[in-house]
Amino acid sequence: MKQYYSFSATEYLEQPEILEHIGSRGRRVMELASLGAPISPGFIVMNDTLGKIAEGDVQVAEAFREPIAKMESVFGKKFNDPENPLLIKVVESPMLNMVNIFSTIHNIGLCERTADGFASYVGEEFAYQEYGNVVQKIIELELLTEGLKADRKQKLGAFQQKLKKQRSKSGILKTIEQHRSLFPEHIYTDTYAQLDYVIKLFQKLFSANPTSVDSALLVQTMVFGNFGKNSCFGQYTTHDIISGENVVRGEFFDRAFDEREKAGKSIDKIGKEYLKELERIGKELERHFKEIRRVRFTVENGKLWLIDQRPVSDNSTQAEIKTLLDLHRDKVIDDQYLINAIKPGRLSEILHPALDPNSVKRFTSFTGGIAGAVGAAIGRVFFSTESLVKAYRIAAQREQETNFILAMPSTFAEDVKAIEIAQGVLSSEGGYASHAPVVARSLGKVAMVYPGIKFHKNSMKIGDKTVKEGDYITLNVPYYEEPVIYLGKGELMKPTPEGSGLLELLEIVQSNIGEFDVHANADQPKDAELALMFKAKGIGLCRTEHMFFNEKRINKFRAMVVADSVAERKKILNELRKWQVEDFYSLFKTMEGYPVTIRLLDAPLHEFLPHTSDSMDEFVSFLRKSKKSITKAEVQTRCDMLNEFNPMLGHRGCRIAISYPEIYNMQVSAIFEAAYKLKKEGKRAVPEIMIPLVMSSTEMKTIRNGKRIEGKAIAGIRDIEEEIRKQYGTSPIEFKVGTMVELPAAALQAGKIARYADFFSFGTNDLTQTTNGLSRDDFNNFFSDYTELDLLEENPFKVLGEQVKELIQIASERGRLTRPDITLGVCGEHGAEPANIPFAMDNGLNYVSCSPYGIPIAKLAIAQLLIARKNGEEVQK
């Protein structure tokens, strides 16, 4: 192996056996040279050579005169020349890709012999400040080496501190003269001697540092953007890092060494010949690294040089996707690379709402602070965990808005439960890595730190404005701008996946998914339309109770709930049926040809009834339109009679169908009426009717097939379909009847239930609650205690627990034994969590269903899993 290896835009190493010995920085520079990038020339000094230099077996002036001569010929400068000196930098090139305690000295070659010559090109102030920096760095390097005596350490430290304060030529030279004897005379007068001294110091540092003991040194020519009129410094990214537009974005600084000296100009204002070359370099770098890169460059005397390039850490998801799509169109990357390059969770940036700037234009605002977790949050502010949790519970019970923001000086473990249910958290102490931002990022919440807040018992003061507990505030924490606090209730903008590259990405993802796919949880046509845009293969859960909370419907539904008789209830249901037909017709039409799984009424009836005095007054007024003499007390009594101690396990789901069969009859009739209406129009509806909260096969049998006993009859779904079909005078449509498996009893009875169920949809939210005896509404109160003691690895309402998985396995196996063609799916929000996808696929489920905005995340996770398995990679289940 040679003592050194030269490099330039046309000279570079390719032999793997040598490349592994030149260190990480050496490999990077060789990589750039191989791409034809205009890098300034230099050479790599091998680790063995460093040892020989330290021992005196190799003389620097002799050994490196040839590679330095190559560097001189390119620039027309001379090392050690008093008129136009060549300057170099010396950089550690460690074997491991890491940054050590000291890595670089710039401008070796600046000394008393060369400083004035350099000053004639860049100015006296810059030249001598850089000379002072060279001496400072030599001092710093020596102070890091071992074996220094205390007296020398003290003198070097004093020299360094005094030198740091000097800005003028005279001050720098005077300070050096006062401490001149601390170093050999020749480091101030001879550049080769200066280089020799620096290399020996590096070797001494390396020999005592385990991570540097085998490092090489990179020696490279310095270039200057302030070296005459036709010079500049600049930096740019190879794509727009926000929009993803396929253009270079950046700025350049005319006649400046770096960006600190003056204001920059847009990169598109640089000379055309330079811009064209920068674009070429950018494309080559993107094609090689397969991602956006940030590039720094210098033009010295009309010649363009690439200083360095690196990945971009602050690019948006949209920019990442659109760059990868451009590379895919150019056939630089294939489907597999594109799919694996994007983390599923990053898609949430495109899929979640952002602040509408017009909604806060007139608000008092405070800009600054630290972005802890990006996003936008709007809510009423509370200043303690206790007050926020209490307000949340009251609002939830009363069916009021539950958008809250926690504001405290700082947060601790006991505050996690409040952060979990809040939209965001605002603190005044700490930084990006402090407790509140860290927890917020892990929970997908918004967080910012604003040091100027003064907290009081029930208020906070920002500037000269006081915010009281319960007031609305808006937090906007963007990726690329300063965070802002607005005093007032802003509005959120819907996400805009069109134009973001997401839809094109989904086209590619869809072609790599196979049979297992994603359905949507959707109750409204707009949700169904969004689901189709994201390539959902059906609706896996339509919660029909959500259709009745509409302000135009709720009091009519409440009247049905408190009706005096079956006849009165049926009369009201007949009016509600018209709305339900419209609802189902719209969903079926939107999802034409795809299955639409409609869950019949699940919520306990008392949940629909008024929970506040105002809503009760409104309901009584509604009832008095048909029953003028009814009193508020009578209505309250009827509502109280329907109240339950434990409604989650009470009179809900299929139990309503047993007690009030007319309610399910109305919904089933509306489903088939909508489906047959569409058939008459030549469109294909595929209804799937889901019976919730089934605990036994007898319930399922009764609701599907009907039952008659003396004095009472329950019409089955089969009978209702036949009746509606006769009304339309047409042939049967395709439909299925199944159940939501959300009770351990149903999972264990799955073999018997499957006799009457065409499909099982695992309601993992309730199945988690009933399996573990956990209330997801109250779980946040103690989840942090469990995680702190490592009693739970994951939030069971996000990642399926082992017990719930076992019940799903049991139900799937027993269901398939009875009905081999049974369809199996997950309809809880667990379906959008990538960690649950392997389990669902491995257990023979056909799909997962989740909210529309979770669909792209789930689809990408599925495609990545299939690719990993195709390549024989291990995937954690």
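User: What is the relative accessible area of Lys 627, and is this residue buried, partly exposed or exposed?
Analyst: This is a predicted model. Buried means under 20% and exposed means over 50%, with partly exposed in between. Lys 627 has a relative accessible area of 23%, so Lys 627 is partly exposed.

User: Which residue forms a salt bridge with Lys 627?
Analyst: Lys 627 lies in the loop between α22 and α23, and its partner lies in the loop between α20 and α21, so the pair ties together parts 63 residues apart in sequence. The closest N and O atoms are 3.2 Å apart, and the partner is Asp 564.

User: How far apart in sequence are the parts that Glu 300 and Lys 77 tie together?
Analyst: Glu 300 and Lys 77 form a salt bridge, with the closest N and O atoms 2.7 Å apart. Glu 300 is in strand β9, while Lys 77 is in the loop between α5 and β3, so the parts they tie together are separated in sequence by 223 residues.

User: Is Lys 77 buried or exposed?
Analyst: The cut-off for buried is under 20% relative accessible area. Lys 77 has 4%, so Lys 77 is buried. Its partner Glu 300, at 5%, is also buried.

User: Which helix holds Arg 152?
Analyst: Arg 152 meets Glu 142 in a salt bridge of 2.6 Å, N to O. Glu 142 is buried at 6%, whereas Arg 152 is partly exposed at 22%. Glu 142 lies in helix α7, and Arg 152 lies in helix α8.

User: How many salt bridges does the structure hold?
Analyst: Some are linked in a network, with Glu 545, Arg 599 and Asp 602 among its members. The total is 45.

Methods. Residues numbered from 1 in each chain as written. Predicted model: local features only at pLDDT ≥ 70, side-chain atom pairs only at ≥ 80, totals over all residues. Heavy atoms only, no water. Salt bridge = Lys/Arg side-chain N within 4 Å of Asp/Glu carboxyl O. Helix = DSSP H or I, 4+ residues; strand = E, 2+ residues; numbered from the N terminus. Buried < 20%, exposed > 50% of the residue type's maximum accessible area, 1.4 Å probe, protein only.
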